[in-house]
Amino acid sequence: MTPSRPMRADARRNRARILAAAEEVFAERGAAASTEEVASRAGVAIGTVFRHFPTKRDLLAAIMKLLRRRLVDRADALIADGDPATAFFDYFTYLVESSAEIGTVVGALAEEGTAVEPGEQIKALTQAFGALLAAAQEAGAVRPDARLDEVMALVTATAHGALAAGWSADLRRRTLGLVLDGLRPR
């Protein structure tokens with residue numbers, strides 16, 4: 001498929017089904033998941049999967065790109081439509097809750113020998129999180145001395161802890177409550 005030629009509608013639908021199925025399969029089975037399982041779950045032939053994603057690594061990289069895009073889109077939506085007093089906390093929680101899904105894909109990519117480069121989407125994510133932080137501080141919902149690098153360190157540590165230690169939903173909720181309370185004005 002040449003980059004200059006647009007994808008047919010059925011090919012776009014197949015690609016979307018493959019990505020959705022791959023997200024589910026890799027979330028359930030990790031790096032042990034196979035492209036055959038993805039094809040079966042997507043309801044397409046294995047050749048269709050390979051036409052879109054010649055290697056498992058390509059498929060995982062596409063999932064990672066999709067997950068990153070969702071993170072940025074969620075931040076953009078909260079910036080545009082969210083209540084500044086709550087949007088920051090909603091997004092912080094969303095990032096921690098999303099860490100398990102993203103961590104599974106990152107782990108599978110690592111097992112495939114692929115480093116995950118932060119790239120432009122992570123820069124966009126940081127900028128969006130910074131906008132949410134500034135709006136929350138302006139609304140008086142977040143302490144004025146909280147800096148973006150500190151907040152990014154907190155969300156990274158909390159998300160990593162939840163993922164690496166396999167925190168239960170209850171422990172994640174309670175830990176998030178403590179971390180977020182520390183960011184509220186005194």
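A search of the whole structure turns up 6 aromatic pairs, where Phe, Tyr and Trp rings (for Trp, the six-membered ring) pair if their centres lie within 6.5 Å, with planes under 30 degrees apart counted as stacked, over 60 as edge-to-face and the rest as tilted. This is a predicted model, so local features need pLDDT of at least 70 and side-chain atom pairs count only at pLDDT 80 or more, while totals for chains, interfaces and linings use all residues. Residues are numbered from 1 along each chain as its sequence is written, and side-chain values use heavy atoms, with hydrogens and water left out.

**Aromatic rings**

- The rings of F88 and F89 have centres 5.3 Å apart and planes at 80°, so this pair is edge-to-face.
- One aromatic cluster takes in F88, F89, Y91, F92, Y94 and F129.
- F129 is in contact (heavy atoms within 4.5 Å) with F88, Y91, F92, L95, L148, V151, M152 and V155, leaving aside neighbours within four places in sequence.

**Fold and core**

- The chain has 8 helices and 0 strands; helices (H or I, at least four residues) and strands (E, at least two) are DSSP runs, numbered from the N terminus.
- Of the chain's 186 residues, 39% count as buried.
- Among contacts with a separation of 6 or more, 71% join residues 24 or more positions apart.
- The largest nonpolar core has 50 residues, and L59, F88, Y91, F92, F129 and L183 touch the most other members. Such a core is a set of buried Ala, Val, Leu, Ile, Met, Phe, Trp, Tyr and Cys residues joined through side-chain atoms within 4.5 Å.
- α4 gives the largest share of this core, 10 residues.
- Domain 1 (1–54) and domain 2 (61–183) both contribute residues, so the core lies between them; the bounds come from an automatic or database domain assignment.

**V38, in α2**

- V38 sits in helix α2 and, at 0% relative accessibility, counts as buried.
- Setting aside residues up to four places away in sequence, V38 touches I18, A21, A22, V25, F26 and L59.
- V38 and F26 are 12 residues apart along the chain, with their C-alpha atoms separated by 8.6 Å.

- T175 belongs to helix α8 (residues 169–183) and is buried at 18% relative accessibility.
- A polar atom of the T175 side chain lies 2.8 Å from the backbone oxygen of L171.
- Beyond neighbours within four places in sequence, T175 is in contact with T158 and W167.
- R143 is in the loop between α6 (119–138) and α7 (148–164), and counts as buried at 18% relative accessibility.
- R143 touches Q137, G182, L183, R184, P185 and R186, not counting residues up to four places away in sequence.

Key. Buried means under 20% relative accessible area, exposed over 50%, partly exposed in between (1.4 Å probe, protein chains only). A polar contact is a pair of N or O atoms within 3.5 Å; within protein, one must be able to donate a hydrogen and the other to accept it, and residues adjacent in sequence count only if both atoms are side-chain atoms.
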